[in-house]
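Colleague: I would like to go through the labels on this model. Tell me what stands behind each one.

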Amino acid sequence: MTDFAIAQEENLQTRIAQALSAQGKTTDALVLEDLAGVDEIHIGGLETIRPIVGSLGVGSGDVTLDLGSGLGGPARFVARETGSRVVGVDLSADTTLAGNELSGWVGADEMVQLEVADVCHVPHKSESFDAVLSVHVHMFLQAPAQMFAEAFRLLKPGGRFVVLDPVRCGDGDLHYPVPWASVADADNILRETELKTLAATTGFRPHTRSDFSALAIDWFSATFARISEMGGPPPLGLHLVMGPDFPTFALNAFQNLQEEKIALLHLVFEKP
Ligand SMILES: C[S@@+](CC[C@H](N)C(=O)[O-])C[C@H]1O[C@@H](n2cnc3c(N)ncnc32)[C@H](O)[C@@H]1O
């Protein structure tokens, strides 16, 4: 698994606060959107999270689980937009600690709790969640079937498992490195058919499927154009989480999408 922990002296939340300050913002007067440049650790930022929130089918009084929650950007957005409380789990203690601090900055700490745990062994009771979300996580796992089994166990009957993930397409190797693998031999990314088979074998029923690849390509193009116009990336960006290789990761992800080596899919499954 690629670890996003960065060997730098300041902790992640301090570096995020410094980057915000460089953009003229203070941590006591933020809205959720102010953090999106750093806390949406996936292709498309808020542009790909906004359209999937409704597919969770949750509202006030419900509890959603976010598997591989990172800094909690998607979790906080789900909580704000739906009124559902959200529990996130992530293997990285540094990221989780920083994510809970970010929740405090935007007043989301009552509604969003981020915990350190493996998505393959989540320490919560069976059938304790109304929906489960997973954004850009399966590719990091050697046994993704275990995450699907946990999603199924933790969901109440009738609940939805929403996945927003890149999938492999075509026959050739991807361009590497990508954030989840430095070389082809270390890459666990699945094809759409494999993810769907995994879900079906686990017991899920397919619900809906949307292809966000075109949206993702547009988002990359607009992001690169903005960076070029500004003469460089803004202080608040994913380099704070992913380190100095982030520009290479981004260019490779863009090229993989353009050459249809990967697609970005929004897949919704239902527990009968
Ligand atoms: C690309 S980031 C996505 C974070 C978040 N879902 C988002 O979209 O902003 C992938 C996350 O998965 C986490 N992760 C990878 N393997 C994991 C595991 N076995 N259990 C829990 N988290 C894991 C990483 O620590 C990282 O935070």
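This is a predicted model: local features need pLDDT of at least 70, side-chain atom pairs count only at pLDDT 80 or more; totals for chains, interfaces and linings use all residues.

Colleague: Why is phenylalanine 269 called buried?

Modeller: Buried means under 20% relative accessible area. Phenylalanine 269 comes to 4%, so it counts as buried.

Colleague: What makes phenylalanine 148 and phenylalanine 269 an aromatic pair, and of which kind?

Modeller: Ring centres must lie within 6.5 Å, and planes over 60 degrees apart count as edge-to-face. These two centres are 6.2 Å apart, with 65° between the planes. So phenylalanine 148 and phenylalanine 269 are an edge-to-face pair. Phenylalanine 148 lies in helix α6 and phenylalanine 269 in strand β7, so the pair ties together parts that are 121 residues apart in sequence. Phenylalanine 148 is buried too, at 1% relative accessibility.

Colleague: Why is the pair of phenylalanine 220 and phenylalanine 254 called tilted?

Modeller: Stacked needs planes under 30 degrees apart, edge-to-face over 60, and the rest are tilted. The planes of phenylalanine 220 and phenylalanine 254 stand at 50°, so the pair is tilted. Their centres are 5.6 Å apart. Phenylalanine 220 is in helix α8 and phenylalanine 254 in helix α10, 34 residues apart. Phenylalanine 220 has 5% relative accessibility and counts as buried. Phenylalanine 254 is buried as well, at 12%.

Colleague: Which residues do ring pairs link into a cluster?

Modeller: The cluster consists of Phe148, Phe152, Phe161, Phe204 and Phe269. The whole structure has 10 aromatic pairs.

Colleague: How do you know that the charged end of lysine 271 sits over the ring of phenylalanine 152?

Modeller: The distance to the ring centre must be within 6 Å, and the charge within 35 degrees of the ring normal. For lysine 271 and phenylalanine 152 the distance is 4.7 Å. The charged end of lysine 271 is found to sit over that ring.

Colleague: On to charges. What makes arginine 76 and aspartate 39 a salt bridge?

Modeller: The cut-off is 4 Å between a side-chain nitrogen and a carboxyl oxygen. The closest N and O atoms of arginine 76 and aspartate 39 are 2.9 Å apart, within that cut-off, so the pair is a salt bridge. Arginine 76 lies in helix α4 and aspartate 39 in helix α2, so the pair ties together parts 37 residues apart in sequence. Both residues are buried.

Colleague: Why is arginine 209 called partly exposed?

Modeller: Partly exposed lies between buried, under 20%, and exposed, over 50%. Arginine 209 has 42%, so it is partly exposed. The closest N and O atoms of arginine 209 and glutamate 192 are 2.7 Å apart.

Colleague: How do you know that glutamate 270 and arginine 205 meet in a salt bridge?

Modeller: Their N to O distance is 3.4 Å. The limit is 4 Å, so the pair qualifies. Glutamate 270 is in strand β7 and arginine 205 in strand β6, so the bridge ties together parts 65 residues apart in sequence. Glutamate 270 is buried at 18%, while arginine 205 is partly exposed at 43%.

Colleague: How many salt bridges does this rule give?

Modeller: The count comes to 13.

How values were computed
Residues are numbered from 1 along each chain as its sequence is written. Side-chain values use heavy atoms; hydrogens and water are left out. Helices (H or I, at least four residues) and strands (E, at least two) are DSSP runs, numbered from the N terminus. Buried means under 20% relative accessible area, exposed over 50%, partly exposed in between (1.4 Å probe, protein chains only). Rings of Phe, Tyr and Trp (its six-membered ring) pair if their centres lie within 6.5 Å; planes under 30 degrees apart count as stacked, over 60 as edge-to-face and the rest as tilted.
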